[in-house]
Amino acid sequence: MKKIDIWVGLIVFLLFSLSDVVNAYVVTGRVLIGDSVNNNAYVYFKTSGKVIKTDVDKTGFFKIELEKGTYLVTADAMIENKLYKGFSGRNPIYIGKDEHIGIKLLRAKKIKILKNSKSYTPIIQGRLLYNEKPVKDARVYLYMNLYDFKGMPYYYSLPTDKHGRFKISEVIEGSYFVVAKKKNDNQPLGPLMEGDLIGFLSDESYNFKGGYIYKFDINMFQKMKDEPPATLPAEGEVYYVTGKAIDKSGNPVEGLYAFAYDKKVIGHERPVSISKRTDKEGNFVLPLPKKGKYYIGVREFYGGTPVQGEYYGLYPDTYDHHLNVDKDVNNVAIVVEKILK
């Protein structure tokens, strides 16, 4: 082999290596059980059919470098021959910068399966618990895949009763991810806020079959940090639409969500992106995953057809409320009114 070929090969190798370094981000965190650290836990980052595993040190601390992408973040540990599992309340997490992730371990609950010849659909029932006490007015959500956790569910249950009990009997058999949520604003849909409760049945989808009853409890935990927007881009290209929600008198309206669809039918499908709630000045920041035409609006609740009494408004500067985005767009003003029927 000629020397020049060796040098070319070395340069190419170094360029690829540097590219890997540039696209790697440092993710740190700590695994707790209660208020104490756990030093024999493992942390898992699941993405695109592969799982990356790391352990923790004696203080429960972990550190790992990850490529850019969206990950389901979990942890587990055997404590006195009993399995404990933990989930990040921010799941799934888009890693596009250095992150710190805290995880609390909770006792894993088993699923009890009973044959039921009286029903052709699966019956899913159980309790939602926080610190081993029942959670009232929480809901169970079924998702088709883990990337939908922050978007529209396939199905969600009625609120739990005072004993934390829920029952689902209206869904067809199939595989679902099961997530429990209790939002302090008592709205069934919308991003979780600090102080809300969340819990996961498993880090895998579960196959529910007709003719069976599935009984299980889900331990919930408190969300400690506000989330990023409900929909995050899968790649590094991000554009931002910033603006303000105002009423007809020009006063700012707090607590609303800005949203973007890539189709004209607004409100019946999962949006491309949804912002955090507007602040006291009515300001919102709406991230978009790529250039294109988007249908923009602001509303009080998240998901589904707008309801009576809800604050709602659409981008006013085009006849069909679309906005062409090929760069960041600022100072968008959207007037909202309460829907009257």
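Questions and answers on these contacts follow.

Tutor: This is a predicted model, in which local features need pLDDT of at least 70, side-chain atom pairs count only at pLDDT 80 or more, and totals for chains, interfaces and linings use all residues. Residues are numbered from 1 along each chain as its sequence is written, and side-chain values use heavy atoms, with hydrogens and water left out.

Student: In what order do the 3 strands of the open sheet lie?
Tutor: Strands are DSSP runs (E, at least two residues), numbered from the N terminus, and two of them pair if DSSP finds at least two bridges between them. The pairing in this open sheet is mixed, and the order is S23-S20-S27.

Student: Why is one side of strand S23 and of strand S27 left without a neighbour in the sheet?
Tutor: Strand S23 covers 283-288 and strand S27 covers 329-335. One side of each has no neighbour because both stand at the edges, each with a single partner strand.

Student: Which residue in S27 stands opposite Val 241?
Tutor: Strand S20 spans residues 239-246 and pairs with S27 in the parallel sense, over 5 bridges. Opposite Val 241, the residue in S27 is Val 329.

Student: What kind of aromatic pair do Phe 45 and Tyr 71 form?
Tutor: Rings of Phe, Tyr and Trp (its six-membered ring) pair if their centres lie within 6.5 Å; planes under 30 degrees apart count as stacked, over 60 as edge-to-face and the rest as tilted. For Phe 45 and Tyr 71 the centres are 6.3 Å apart and the planes stand at 85 degrees, which makes the pair edge-to-face.

Student: How many residues apart in sequence are the parts that Phe 45 and Tyr 71 tie together?
Tutor: Both residues are buried, where buried means under 20% relative accessible area, exposed over 50% and partly exposed in between (1.4 Å probe, protein chains only). Phe 45 lies in strand S3 (residues 42-47) and Tyr 71 in strand S6 (residues 69-79), so the separation is 26 residues.

Student: How far from the ring centre of Tyr 42 does Lys 53 lie?
Tutor: A charge sits over a ring if NZ of Lys or CZ of Arg is within 6 Å of the ring centre and within 35 degrees of the ring normal. Lys 181 lies over the face of Tyr 141 at 5.1 Å. For Lys 53 over the face of Tyr 42, the value is 4.2 Å.

Student: Is Lys 46 buried or partly exposed?
Tutor: Lys 46 meets Glu 204 in a salt bridge (2.8 Å, N to O), a term for a side-chain nitrogen of Lys or Arg within 4 Å of a carboxyl oxygen of Asp or Glu. Glu 204 is partly exposed, at 46% relative accessible area. With a relative accessible area of 15%, Lys 46 is buried.

Terms used. Helices (H or I, at least four residues) and strands (E, at least two) are DSSP runs, numbered from the N terminus.
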